[in-house]
Amino acid sequence: EEALDRLDKFLDDAYLAGHREVRIIHGHGTGRLRDAVRRMLGDHPHVESHAAADERSGGSGATVAVLRA
């Protein structure tokens, strides 16, 4: 819950600062945090799309979100 609250603020701040893309590092672990992050990104009003980062940028341990213009 705390992680998702912090992610929401991070997305708001990034959007207001004019960033077009952000990378969220959630690690590998059990996948519960990754799944929660990706569910949230799918419903977030500032997020246009999201996908796993490429291997050089964290692979399945990170998610890249494209923010709306």
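Predicted model: local features only at pLDDT ≥ 70, side-chain atom pairs only at ≥ 80, totals over all residues.
1. Strands β1 and β3 (residues 62–67) run antiparallel and are joined by five bridges. Strands here are DSSP runs of E of at least two residues, helices are runs of H or I of at least four, and both are numbered from the N terminus. Two strands count as paired if DSSP finds at least two bridges between them. Within this pair, Ile24 has Thr63 of β3 as its bridge partner, and Ile25 stands opposite Ala62 in β3.

2. Residues are numbered from 1 along each chain as its sequence is written, and side-chain values use heavy atoms, with hydrogens and water left out.

3. The sheet as a whole is open and has three strands in the order β1-β3-β2, with antiparallel pairing. The strands β1 (21–25) and β2 (47–52) are at the edges with a single partner strand each, so one side of each has no neighbour in the sheet. On average, neighbouring strands are turned by 25° against each other, direction ignored. Axes are lines fitted to C-alpha atoms, for helices over the stretch in contact, and angles run from 0 to 180 degrees between N-to-C directions.

4. The classes rest on relative accessible area, with buried under 20%, exposed over 50% and partly exposed in between (1.4 Å probe, protein chains only).

5. Which residues of α1 are buried? They are Leu7, Leu11 and Ala14. Seen down the axis of α1, they fall within an arc of 70°, so they line one face of the helix; the arc is that of the directions from the helix axis to the C-beta atoms. The cover over these buried residues includes β1, α2, β2 and β3. The face turned away from the buried side carries the exposed residues Glu2, Arg6 and Leu16.

6. With 15 residues, α1 reaches 21 Å from its first C-alpha to its last, close to the 21 Å expected at 1.5 Å a residue. The expected span is 1.5 Å times one less than the number of residues in the helix. Just after α1, Gly18 takes a positive phi of about 85°.

7. Helix α2 buries Ala36, Val37, Met40 and Leu41. These residues cover an arc of only 135° around the axis, which puts them on the same side of α2. They pack against α1, β1, β2 and β3, while Arg32, Arg39, Gly42 and Asp43 are exposed on the other side of α2. The 12 residues of this helix should span 16 Å at 1.5 Å a residue, which agrees with the 17 Å between its end C-alpha atoms.

8. Leu33 lies in helix α2 and is partly exposed at 38% relative accessibility. Leaving aside residues up to four places away in sequence, Leu33 touches Ala3 and His26. Leu33 and Leu4 are 29 residues apart in sequence, and their C-alpha atoms are 8.9 Å apart in space.

9. How many salt bridges does the structure hold? There are four, a salt bridge being a side-chain nitrogen of Lys or Arg within 4 Å of a carboxyl oxygen of Asp or Glu. One of them joins Lys9 and Asp13 (2.9 Å, N to O); both residues lie in helix α1, four residues apart, about one turn of the helix. Asp13 is partly exposed, at 40% relative accessible area.

10. Another salt bridge links Glu48 with Arg20, the closest N and O atoms being 3.6 Å apart. Glu48 lies in strand β2 and Arg20 in the loop between α1 and β1, so the pair ties together parts that are 28 residues apart in sequence. Both are partly exposed, Glu48 at 44% relative accessibility and Arg20 at 41%.

11. Asp35 and Arg34 also meet in a salt bridge through their side chains (3.3 Å, N to O). Asp35 is partly exposed at 37% relative accessibility, and Arg34 is partly exposed at 23%.

Conventions: Contact = heavy atoms within 4.5 Å.
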